[in-house]
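These are my notes from a reading of one model.

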Amino acid sequence: MTLGVENVIDKDKKTILIVDDEKNIRDLLAFNLQNEGYNTIEASDGVEAVDVALKDKPDLILLDVMLPKLDGKSVCKKLRYSLNMSNIPILMISAKDTETDKIVGLEIGADDYITKPFQIREVIARVKANLRKAELNANIDTAQTKTENKDDIIKVGDLTLDLKRVEAKVKDKVINLTKKEFDVLKYLAAQPGQVVTREMLLRDVWEYEEYVGAIRTIDVTMNRIRDKIEKDKANPKILITKRGSGYYVTDKNT
């Protein structure tokens with residue numbers, strides 16, 4: 001493990017773990033992230049990534065998919081499920097740009113998916129957005145442990161969301177969603193029948209300051225949500241697409 005350009009971690013700054021087997025990419029990311037005011041720590045393979053994440057508890061992880069010893073997808077699954085590090089944003093970086101790859105990345109618990117070659121300003125924007133989202137969720141979770149709120153439940157048609165438990169149900173059947181998928185449904189269910197554009201979702205759920213290369217992320221996420229909540233994905237009854245406009249959650253029972 002290295003500490004990028006700096007040698008000392010400033011505890012008042014957010015710490016980013018950069019995982020990539022290419023030193024030039026680690027150096028590029030570390031230099032630019034440090035210029036933005038972040039600490040950076042590094043790992044060059046999957047096994048080291050898990051060890052560093054457990055030891056240093058970074059605030060966010062930039063994780064390359066193609067890694068020696070343990071690939072990035074396995075690292076993500078291990079951190080998310082085996083080691084229960086559910087609150088750390090994981091941004092996967094890959095040279096693959098297919099819909100299937102993005103779906104798999106989101107399904108195994110990644111918060112975002114960035115393709116190579118990337119623009120550094122896009123990476124910085126996504127880092128900032130995911131850190132803001134994580135901090136907001138932490139504040140919400142803290143508040144919910146202190147008080148019971150009748151507004152913890154959102155029920156729209158067949159869909160029920162328990163905001164405190166971060167649990168979704170369709171007709172009383174619990175649906176296994178990632179945190180990002182749950183956040184998307186929460187945003188839509190809070191305004192049933194209202195068409196929401198992809199740009200609105202990127203701004204308000206992903207909290208992106210700009211949308212370069214990110215629009216497709218919405219379609220991938222919606223596709224994965226439908227796989228889980230719809231009885232017939234080809235004829236959805238809960239999560240509806242308004243062609244040319246966006247998406248909405250219907251308040252009708254099926």
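Entry 1: I note at the outset that the model is predicted. I looked up lysine 55 and found it exposed, at 63% relative accessibility. Its side chain meets that of aspartate 56 in a salt bridge, with 3.2 Å from N to O. Aspartate 56 is partly exposed, with a relative accessible area of 26%. The two residues therefore fall into separate classes, since exposed begins over 50%.

**Entry 2: the rest of H2.** I followed helix H2 over residues 46-56 and recorded Gly46, Glu48, Ala49, Val50, Val52 and Ala53 as buried. At the start of H2, I found a side-chain oxygen of aspartate 45 within 3.1 Å of the backbone nitrogen of valine 47. Just after H2, I read a positive phi of about 45° at lysine 57.

**Entry 3: the sheet.** I traced an open sheet of 5 strands in the order S2-S1-S3-S4-S5, with parallel pairing. Strand S2 (39-43) and S5 are the edge strands, and each pairs on one side only. I noted a twist that averages 20° from one strand to the next. For S5, I checked the pairing with strand S4 (residues 90-94), which is parallel and runs over 4 bridges. Within this pairing, tyrosine 113 of S5 is the bridge partner of methionine 92. I then turned to helix H1 (residues 23-35), which lies across strand S1 (15-19), S2, strand S3 (60-64) and S4. Against S2, helix H1 runs at about 165°.

**Entry 4: salt bridges elsewhere.** In one of them, the side chains of arginine 126 and aspartate 112 meet at 3.2 Å, N to O. This pair links distant parts of the chain, with arginine 126 in helix H5 (residues 120-146) and aspartate 112 in strand S5 (residues 112-115), 14 residues apart. I recorded both arginine 126 and aspartate 112 as buried.

I next examined aspartate 219 and arginine 198, whose side chains form a salt bridge at 2.8 Å, N to O. Here too the pair links distant parts of the chain: aspartate 219 belongs to helix H8 (residues 215-229) and arginine 198 to helix H7 (residues 198-204), 21 residues apart.

Key. Residues are numbered from 1 along each chain as its sequence is written. This is a predicted model: local features need pLDDT of at least 70, side-chain atom pairs count only at pLDDT 80 or more; totals for chains, interfaces and linings use all residues. Side-chain values use heavy atoms; hydrogens and water are left out. Buried means under 20% relative accessible area, exposed over 50%, partly exposed in between (1.4 Å probe, protein chains only). Helices (H or I, at least four residues) and strands (E, at least two) are DSSP runs, numbered from the N terminus. A polar contact is a pair of N or O atoms within 3.5 Å; within protein, one must be able to donate a hydrogen and the other to accept it, and residues adjacent in sequence count only if both atoms are side-chain atoms. A salt bridge is a side-chain nitrogen of Lys or Arg within 4 Å of a carboxyl oxygen of Asp or Glu. Two strands pair if DSSP finds at least two bridges between them. Axes are lines fitted to C-alpha atoms, for helices over the stretch in contact, and angles run from 0 to 180 degrees between N-to-C directions. Contact means heavy atoms within 4.5 Å.
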